[in-house]
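Thanks for sending this one over. Here are my notes, in the order I would walk through the model with you.

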Amino acid sequence: MGAPLKIMYLSPVGSDESDQLFADAFAKVVRPGTEVHVTSLPPADGAFRHIEYRAYEGRVTTGILRAVRAAEREGFDAFAIGCFYDTALHEARELSGDMIVTGPCAAACDIAVSLANRFGIIVGRRKWVGQMQGNVVEYGHGPRLSGFYAVELGVTEFQEDHAETERRLLAAGRKAVEEDYAEALILGCTLEIGFHRTLENALGVPVIDPSIAALKRAEYAAGLRRDCGWVPSRKWSCEAPPEAEMAEIGGFDVNSPFGNRIIVEARS
């Protein structure tokens, strides 16, 4: 076997509290020959535990771009941005060179439409819907979307009462499947890795965890890059900024881009 496929999964918050959770889950689903680095932003960039608000997204965007630059220089095959808003996805792709960049919403939607004709998205708060719906429409999946189903819980509230969280998620899933005829569901936030299995068993449709979707979509694209030579375009709307101009502007490559890193070694 040759060199492993190298995937970086960046949690775009200044906290490492979920990094081990992601690493443990990814170790169970990656294919042989794939190495995954689970990273998060340095606390100095802001002690974010979530980026539910656009203002928070604005703050972490610079950190995401620095992380993408660093990952590309380290020779990663693909990079996943771990937020269902797909924060800074287009900006990151401009700076990624030959490295693939994806996000949970784009990845999960691509997977959903390969499994079903119609899908719904369960989200925490109604606040999230406008931005997420705009992304789904931009990606071309609007006609296949049955709707968004909010359970009115913020990111940090999902972990406060697991029984209540499960009750709300199941109720939202039943509405999507039994009333709006969704044939697959996407979780619009990673609630607890592996919980999608509980919903699948109860509802009888595929339920896609966004973090696993982002990882697997990145792994798949990295395999195509290696096997078929398909690398990202840098023409027209995909054009990268001039390196000399970025150096003159400054700020793209300063400071350490990662606050934490856990490596899931490739298995044979």
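**Notes on the predicted model**

1. Helix α1 (residues 19-29) lies across β1, β2 (34-40) and β9, and runs at about 165 degrees to β2. Helix α8 also packs on the sheet, where it touches β1, β2, β3 and β4, and its direction makes about 150 degrees with that of β1.

2. Now the sheet itself. It is open and made of 5 strands, in the order β4-β3-β1-β2-β9, with mixed pairing. The edges are taken by β4 (100-102) and β9 (260-264); each has a single partner strand, so one side of each is left without a neighbour in the sheet. From one strand to the next, the twist averages 20 degrees.

3. Strand β1 (residues 5-11) deserves a look of its own. With β3 it pairs in the parallel sense over 4 bridges. Two of the residue pairs to look for are Ile7 with its bridge partner Ala78 in β3, and Tyr9 with its bridge partner Ala80 in β3. Toward β2, 7 bridges join the strands, and β1 and β2 run parallel. Here Ser11 stands opposite Ser40 of β2. The chain gets from β1 to β2 through α1, and this β-α-β crossover is right-handed.

4. How much of β1 is buried? The count is 7 of the 7 residues, so the strand is largely enclosed by the rest of the structure. In a regular strand, side chains alternate between the two faces of the sheet. In β1 both faces are covered: Leu5, Ile7, Tyr9 and Ser11 are buried on one side, and Lys6, Met8 and Leu10 are buried on the other. I would point out Lys6 to readers, as a lysine in this buried set.

5. Thr87 is a loop residue worth a click, placed between β3 (78-81) and α3 (89-94). Is Thr87 buried or exposed? Its relative accessibility is 3%, so Thr87 counts as buried. Beyond residues up to four places away in sequence, Thr87 touches Ile51, Glu57, Val60, Thr61, Ile64 and Ile81.

6. Phe195, His196, Leu199, Glu200 and Leu203 are buried. These residues cover an arc of only 145 degrees around the axis, which puts them on the same side of α7. After α7 comes Gly204, with a positive phi near 75 degrees.

Note on methods:
Residues numbered from 1 in each chain as written. Predicted model: local features only at pLDDT ≥ 70, side-chain atom pairs only at ≥ 80, totals over all residues. Heavy atoms only, no water. Buried < 20%, exposed > 50% of the residue type's maximum accessible area, 1.4 Å probe, protein only. Arc of directions from axis to C-beta. Contact = heavy atoms within 4.5 Å. Pairing = 2+ DSSP bridges. Axes fitted to C-alpha atoms, helices over the stretch in contact; angles between N-to-C directions. Right-handed = clockwise from strand over helix to strand, strands pointing away.
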